[in-house]
Each structure stands twice: as structure tokens, then as C-alpha cells.
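Hi,

Here is the model I promised you. Have a look at it first, and then read on for what turned up.

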Amino acid sequence: MTTLTLIYDGDCPVCRSYTRYLSIKRAAGNFELLNARDNPPILEEINALNLDMDEGFVLKVGDRFYHGADAIHALALLSTRTGFFNKMNFLVFKSKTLSRFLYPILKTGRALLLAVLGKTKLNNLDNG
């Protein structure tokens with residue numbers, strides 16, 4: 001069975017909430033969440049691909065990596081669509097075009113929220 005791994009910023013309250021409410025279809029595979037701030041070994045692969053975690057979270061499906069807008073779009077397609085959150089997530093992010101339009105707004109909101117909370121950026125490419 002395929003393993004789906006979502007790597008996100010555990011210090012971001014919005015990112016934590018998103019991962020808490022996200023429900024992935026069982027048929028999609030085993031789903032695991034990793035906090036990038038815990039420096040999981042998968043960060044080596046992410047850094048080698050030059051994927052900036054401050055520009056968006058990363059979804060690994062099998063051997064394929066999705067980043068930012070592409071990741072949220074893929075997650076919407078893989079979601080269960082049960083419950084209000086998952087239905088809204090699907091409706092908003094099922095469109096690749098809308099995902100690419102909205103994701104920079106979400107990313108800017110994350111950066112502002114981290115600044116207000118006094119949290120640092122991940123800077124995974126500076127540390128890798």
C-alpha cells in the first residue's frame with residue numbers, strides 16, 4: 001500500500017489545525033504527518049529537491065513529491081469529503097488553478113502569523 005506523508009510546520013497554528021482536521025481516503029494509502037521542526041530524516045530528501053518548506057508544505061506520495069499549491073490540490077483530491085472541513089477543502093482546492101491562486105495568500109498569512117507569534121521560519125534550505 002502507498003504511504004502518503006505530509007510534512008508541515010508544527011509551530012504554525014493554522015498548519016496544525018489543517019493537519020488535525022484533514023481526513024484522507026483509506027484507499028489512498030497509509031497517511032502520516034511529520035512536523036518539519038522535528039527535523040525528520042525526510043528533510044534530507046526535501047532539501048536535495050530544493051523544496052523550501054517556508055514556501056509551502058510538502059506531500060510525498062510514494063516516490064513523488066508535491067509542494068505548496070500542488071500539495072494542497074493533491075490533498076483535496078485525496079480527502080474523504082466527510083465533515084464540513086473536508087468538504088470545503090475539496091470544493092476550494094480541487095481546482096489546480098484556484099489552488100495556485102489562493103496558496104500564496106495562505107503562505108503570506110502564515111508568515112504574518114509566525115511573525116506575530118514570535119516564531120522563526122523553518123529555513124530548511126539554509127540548514128540543509
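**What I found**

Asn 39 sits in the loop between strand 2 and helix 2; helices (H or I, at least four residues) and strands (E, at least two) are DSSP runs, numbered from the N terminus. Its phi is near 55 degrees, a positive value in a residue other than glycine. At 58% relative accessibility, Asn 39 counts as exposed (buried means under 20% relative accessible area, exposed over 50%, partly exposed in between, with a 1.4 Å probe and protein chains only).

Before you go further, keep in mind that this is a predicted model, where local features need pLDDT of at least 70 and side-chain atom pairs count only at pLDDT 80 or more, while totals for chains, interfaces and linings use all residues. Residues are numbered from 1 along each chain as its sequence is written, and side-chain values use heavy atoms, with hydrogens and water left out.

In what order do the four strands of the open sheet come? The order is 2-1-3-4, and the pairing is mixed (two strands pair if DSSP finds at least two bridges between them). At the edges are strand 2 (30-35) and strand 4, each of which pairs on one side only. On average, neighbouring strands are turned by 20 degrees against each other, direction ignored; for angles like this, axes are lines fitted to C-alpha atoms, for helices over the stretch in contact, and angles run from 0 to 180 degrees between N-to-C directions.

As a reminder, strands of a sheet pair through backbone hydrogen bonds, either parallel or antiparallel. Going across this one:

- Strand 1 (residues 3-8) pairs with strand 2 in the parallel sense over six bridges. Ile 7 has Leu 34 in strand 2 as its bridge partner.
- Strand 1 and strand 3 run antiparallel and are joined by four bridges. Here Leu 4 stands opposite Val 61 in strand 3.
- Strand 3 (residues 58-61) and strand 4 (residues 64-67) also run antiparallel, with four bridges between them. Lys 60 has Phe 65 as its bridge partner in strand 4, and Val 58 has His 67.

Strands 3 and 4 make a hairpin with two residues between them, and Gly 62 in that turn has a positive phi of about 65 degrees.

Helix 3 lies across strand 1, strand 2, strand 3 and strand 4, running at about 110 degrees to strand 4. How much of helix 3 is covered? Seven of its ten residues are buried: Ala 69, Ala 71, Ile 72, His 73, Ala 74, Leu 75 and Ala 76.

Helix 3 (residues 69-78) also packs on helix 4 (residues 83-93), at an angle of about 125 degrees and with the axes 8 Å apart. The two helices are therefore oblique to each other (angles under 35 degrees count as roughly parallel, over 145 as roughly antiparallel, 65 to 115 as roughly perpendicular and the rest as oblique). Their crossing is left-handed, meaning that the near helix is turned anticlockwise from the far one by less than a right angle. On the helix 3 side, Ile 72, His 73, Leu 75, Ala 76 and Leu 77 meet Asn 89, Phe 90 and Phe 93 of helix 4 (contact means heavy atoms within 4.5 Å). Those residues divide into six nonpolar, two polar and no charged; Ala, Val, Leu, Ile, Met, Phe, Trp, Tyr, Cys and Pro count as nonpolar, Asp, Glu, Lys and Arg as charged, and the others, Gly among them, as polar.

**A few single residues**

Gly 56 is in the loop between helix 2 (42-48) and strand 3, and at 6% relative accessibility it counts as buried. Which residues does Gly 56 contact, leaving aside its neighbours within four places in sequence? They are His 67, Gly 68 and Tyr 103. Its C-alpha atom is separated by 8.0 Å from that of Tyr 8, 48 residues apart along the chain.

Asn 123 has a positive phi of about 50 degrees although it is not a glycine. You will find Asn 123 in the loop between helix 5 (96-117) and helix 6, partly exposed at 32% relative accessibility.

Leu 125 belongs to helix 6 (residues 124-127), and at 29% relative accessibility it counts as partly exposed. Leaving aside neighbours within four places in sequence, Leu 125 is in contact with Asn 47, Asn 50, Leu 51 and Asp 52.

Cheers
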